[in-house]
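Here's a quick tour for anyone meeting this structure for the first time. Have a look at the view below, then read on.

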Amino acid sequence: MRTGRKKLTIPYLLPAVSLYLIFFVGPAIYGLWISFHEWSGFTDDMKFVGLKNYGKILVDPIYWQSFLNMMLILFVGGIFVFLIGFLFTALMSQGVAAKKAIRAIIFFPQIIAPIALAVVWNYLYRFDIGFFNSILTSIGVNPINWTGPNNIMMSAIISIIWYSAGFYAIILLAGVDKIPNTIFEAARVEGASTFKIFTNITLPLIWDVMSIAIILWGINAIRLFDFLFAFGGAEPPTRMWNTAMYQFILGFGQRTPIYQLGYSSAIAVTMVMVVLLFVVTGRKLFKREVYEL
Amino acid sequence: MKSNGGNVWSALGKTFLYVWTLFILFIIGWIILASLKTNRELFEGFWSLPDSLQWGNYYTAWVQSDLASYFFNSLIVVSLSVFGIVLVSAPAAYVLSRYHFFGREFLTNAFVIGIGIPYQAVLIPIYLLLIKMGLINSFLGLIIVYIALSLPFTIFILTGFFQSLPSDVEEAAIIDGAGENTIFWKVMLPMARPGLVTVMILNAVGLWNEFLLAKAYMNVNEKYTLSVGLYQFYQSMQYNSDWVSLFAGVVIIVFPILIFYLWLSDKIIEGMTAGSGK
């Protein structure tokens, strides 16, 4: 880096900074402003109501149902994604047959369009001729109503785990692959068990990668929208809305628009706060001495 | 000391990993097969096999259900967006990583924070802005939004790349009397090519699959992107249960990604994991 060169600073930054200000920073601030108003969007009069929308959130059962679903994806989904992720990482770092092919295959669901995934998974869950019930009936178990109102959220989370776990496994694996093999060999010579090696060597050495992966999962899980929205079908039942879906439906409608732009904006603000809370807590929890290789 | 118990667990784990992998392949194979059945065959049961391959389903999806035009809409939007993203991000990332000026760190952080902001926070305000600008239901509008919202992540990755470039080539060019523009376009940008390729791939895949913004800002049939078009096609299943054509549609949206992936899987995996592992 050198001082003395200046000519390009402004022209090179200007397009990015102005786009960012006009289409991201500005809208984000304006969104916060809208959240203090009552507004149907059609009439021009935005009515200032202060914190009323936020008060409404506190007593809105649909919001808290959606909040619960968001948390279920974040934590229940997250626990399984990382359990499976760690399992796969541990196995693959010890060497499995066709490691490269397996790596490529388990990663792939992550880059399939979520709408396509929703179509397919909904079909796999079909009561009459779906994949899971065809297996269940063939082994003499009663079929399950996977996408019935009581089960649909659980089924959605299973699918989300399915298309996410491989991706997070491979992020972790990329961290493990950076650890020199000699360290593992030395541990094995010393007689350490597989489990010991994982907890005492691998885990501390991929701590940073892991904490970033968990924070990334958090951001993605909180804003998750497309898969769940399409998975719910034409009229997704309220019980399976997460906060992102509720926010969208209030602002843009499902079929019958609701157009509560102020309220919808307030809900979006709460989502930002949840992300911030998650990232800040996550960074605090995972902060510790970094082991340098 | 390896206990037998450990081996059993390891074997169980491996079995689980293999089953998981095979299940993914099975699902992909099943979708392709389902897209070649007749609707009657499809509804015979999950395990039914087609008598003959119904390529006509693809004609129905592609032509009659308009997925062809959605496909090309997506192609235009994604390629122009990716081009725009690189054009805007690369110079900014270059200056942020290799120049010294007041506010550099603040600006870098301001971009990074954008990575964590959920799009929901800007969904309605951008909608209003696009209406004001007359850019709702317009490819240009969607492209500008895609470029703007991709900046944080792209600049973040590219800044890392430019920082890792050695400075001796740059200094040699300065001594040779090359202008600042020349140094960027002719010296630094070519050296950063792997980084540029990475961000192009990641953005292309991400935008090809993008749904939320396209759904919110494109409300007319002829402007749908492929993921929105597929969603609407899926919604129409309750009136016409032409599921086999819907599955053809699923194959159509996944196909370009699959080809891309077969060709560049290492690069894609590397890019996506390095991108998040930084």
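A residue counts as buried here if 20 or more other C-beta atoms lie within 10 Å of its own. Keep in mind that this is a predicted model.

With that in hand, let's start in chain A. Helix H12 (residues 243-252) of chain A has 10 of its 10 residues buried, so it is largely enclosed by the rest of the structure. The buried residues of H12(A) include Thr243(A), Tyr246(A), Gln247(A) and Phe252(A). What do the buried residues of H12(A) pack against? In chain A, they meet helix H3 (61-93), helix H10 (207-223), helix H11 (226-231) and helix H13 (261-286), and in chain B, helix H6 (120-132) and helix H11 (212-217). Just after H12(A) comes Gly253(A), with a positive phi of about 80 degrees.

Now for how the chains meet: 74 residues of chain B are in contact with 76 residues of chain A. On the chain B side, helix H1 (residues 4-34) gives the most, with 11 residues.

Chain B itself is assigned two parts, domain 1 (4-56) and domain 2 (61-276). Their centres, taken over C-alpha atoms, are 32 Å apart. The contact takes 9 residues from domain 1 of chain B and 8 residues from domain 2 of chain B. On the domain 1 side, H1(B) supplies the largest share, 3 residues.

Here are two of the contacting sides by residue class:

| Chain B, touching chain A | 50 nonpolar residues | 20 polar residues | 4 charged residues |

Key. Residues are numbered from 1 along each chain as its sequence is written. Chains are lettered from A and ligands numbered from 1 in the order in which they are written. This is a predicted model: local features need pLDDT of at least 70, side-chain atom pairs count only at pLDDT 80 or more; totals for chains, interfaces and linings use all residues. Two residues are in contact if their C-beta atoms, placed from the backbone, lie within 7 Å. Helices (H or I, at least four residues) and strands (E, at least two) are DSSP runs, numbered from the N terminus. Ala, Val, Leu, Ile, Met, Phe, Trp, Tyr, Cys and Pro count as nonpolar, Asp, Glu, Lys and Arg as charged, and the others, Gly among them, as polar. A residue is buried if 20 or more other C-beta atoms lie within 10 Å of its own, exposed if 12 or fewer, and partly exposed in between; C-beta atoms are placed from the backbone. Domain bounds come from an automatic or database domain assignment.
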